[in-house]
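Biologist: Could you walk me through how to read a few features of a model? I'd like the general idea, then the case at hand.

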Amino acid sequence: MNAEDIAGIREEALREAAEITDIAALEAFRIKYAGRKGVLQDLMQNLKTADPADRPVLGKVINEVKRDLLALLDERKKAFESAAQAQVAAFDITLPGQWPRPGSRHPISQIIERVVDIFHSLGFTVAEGPDIETVYHNFDALNTPPHHPSRDPQDTFYLDNGDLLRCHTSPVQVRYMEAHEPPVRIVVPGRCYRRDTPDATHSANFHQIEGLYVDRKVSLADLKGDLSHFARELMGPDVKVRFRPHFFPFTEPSVEVDFTCHVCGGKGCRVCKQSGWIEIAGAGMVDPNVFKAVGYDRHQVVGYAFGMGIERIAMILYGIHDIRHLYENDVRFLQQF
Ligand code: PHE
């Protein structure tokens, strides 16, 4: 070992030190060169290999290198510390903090929850079924004739394998009765799909909630009583319910269900188109052919079923004028619920 070796190491150390940009790296550098097992300590040990006459001088040089490096470290450390302090001082700690904005339940989910809660109190439980359905469950088992318009690919989305995206939640009636003996008392919230051109009141994807009550003695009066109770719980004590005759393949008789208009209370206004009533649901007594399809004895059981649009209820309750708001997920809209 000679003086040149030491000078080389010194130069390398200085080059390394110049590249250090933070306190942690500074400490690593100190340990590497000046630590107990560091480079400089190594040099001291290697003094043995030097010419005995040179040893005192070389030892002195090594110590000088160490002193210089430590001084440099000290200086750089102080510089880093004061820079950090300057940065802290740049924060204005009197400014109000920024809160992370908490999310909230989507209005569709909120309505589903409310509707389910009300029927829960009447003894209904929640059932669910697949969005991708067979033609059998969506149409055939629901007594829908072969040429019914709702089967048309103009109205319903078909998949390449012949299945489809359910156009209502009614197929879950079939699936549930196939799998359970009567009595049955279920509500079924879920997504539905129809080939509608989107506008203020139509969306190709929307939600329904289905109800099904099957037992030995169930009547249209039960349907009206339960839906009236539901209407009052949802909209307030003064809401009235009316049935209008209608047709669905899977119920007989079938009705459309109106609630008195929440805006004018039934007097007639712009929202209810002066009629005083708002259409809320389709319903009726389960057609015996549906019981036949699921293997129930149609002489032993009767039942009612209903289906209603969740978006429609949300729009009515919250005064939303365009269904598309519910799918755009604009935070300024969602924040209001
Ligand atoms: N499935 C019907 C629809 O989508 C609604 C309905 C459900 C009607 C149950 C009667 C009984 O329009």
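Modeller: Happy to. Pro 183 sits in the loop that runs between helix H7 (171-179) and E4. Keep in mind that this is a predicted model.

Biologist: What kind of peptide bond joins Pro 182 and Pro 183?

Modeller: The general idea is that most peptide bonds are trans, and most residues other than glycine have a negative phi. Here, the bond joining Pro 182 and Pro 183 is cis, with omega at about 0 degrees. The bond from Glu 252 to Pro 253 is cis too, and its omega is near -5 degrees. Pro 253 belongs to strand E7 (residues 251-260).

Biologist: And phi? What is its value at Asn 143?

Modeller: Asn 143 has a positive phi, about 65 degrees, although it is not a glycine. You'll find Asn 143 in the loop between helix H6 (135-138) and strand E3 (164-165).

Biologist: Now helix packing. At what angle do helix H1 (residues 3-18) and H4 pack?

Modeller: In general, you describe two packed helices by the angle between their axes and the distance between those axes. For H1 and H4 the angle is about 5 degrees, and the axes are 10 Å apart. That makes H1 roughly parallel to H4. H1 brings Ala 3, Ile 6, Arg 10, Ala 13, Leu 14, Ala 17 and Ala 18 to the contact, while residues on the H4 side include Leu 58, Val 61 and Ile 62. By class, this contact has 12 nonpolar, no polar and 3 charged residues.

Biologist: Is helix H2 (residues 23-34) parallel or antiparallel to H4?

Modeller: H2 packs on helix H4 (residues 55-90) at an angle of about 170 degrees, again described with an axis distance, here 10 Å. So H2 counts as roughly antiparallel to H4. Among the contact residues are Phe 29 and Tyr 33 of H2, and Leu 73 and Phe 80 of H4. The contact of H2 with H4 divides into 9 nonpolar, no polar and 5 charged residues.

Biologist: How far apart are the C-alpha centres of domain 1 and domain 2?

Modeller: Those centres lie 80 Å apart. Domain 1 covers 3-89, and domain 2 covers 107-334.

Biologist: Last one: which residues lie nearest the centre of the second largest pocket?

Modeller: Ile 108, Ser 109, Ile 112, Arg 191 and His 207, out of 14 lining residues. Helix H5 (107-120), strand E4 (184-193) and helix H11 (325-328) each give two or more residues to that lining. By class, the lining has 5 nonpolar, 6 polar and 3 charged residues, and the pocket's volume is about 200 Å³.

Technical notes. Residues numbered from 1 in each chain as written. Predicted model: local features only at pLDDT ≥ 70, side-chain atom pairs only at ≥ 80, totals over all residues. Heavy atoms only, no water. 1 Å grid on protein atoms, 1.4 Å probe; cavity = no way out; pocket = protein on both sides within 12 Å on 5 of 7 lines; lining within 4 Å. Points joined across faces, edges and corners; volume = space filled by probe spheres on them. Helix = DSSP H or I, 4+ residues; strand = E, 2+ residues; numbered from the N terminus. Nonpolar A, V, L, I, M, F, W, Y, C, P; charged D, E, K, R; others polar. Axes fitted to C-alpha atoms, helices over the stretch in contact; angles between N-to-C directions. Parallel < 35°, antiparallel > 145°, perpendicular 65-115°, else oblique. Contact = heavy atoms within 4.5 Å. Domains from an automatic or database assignment.
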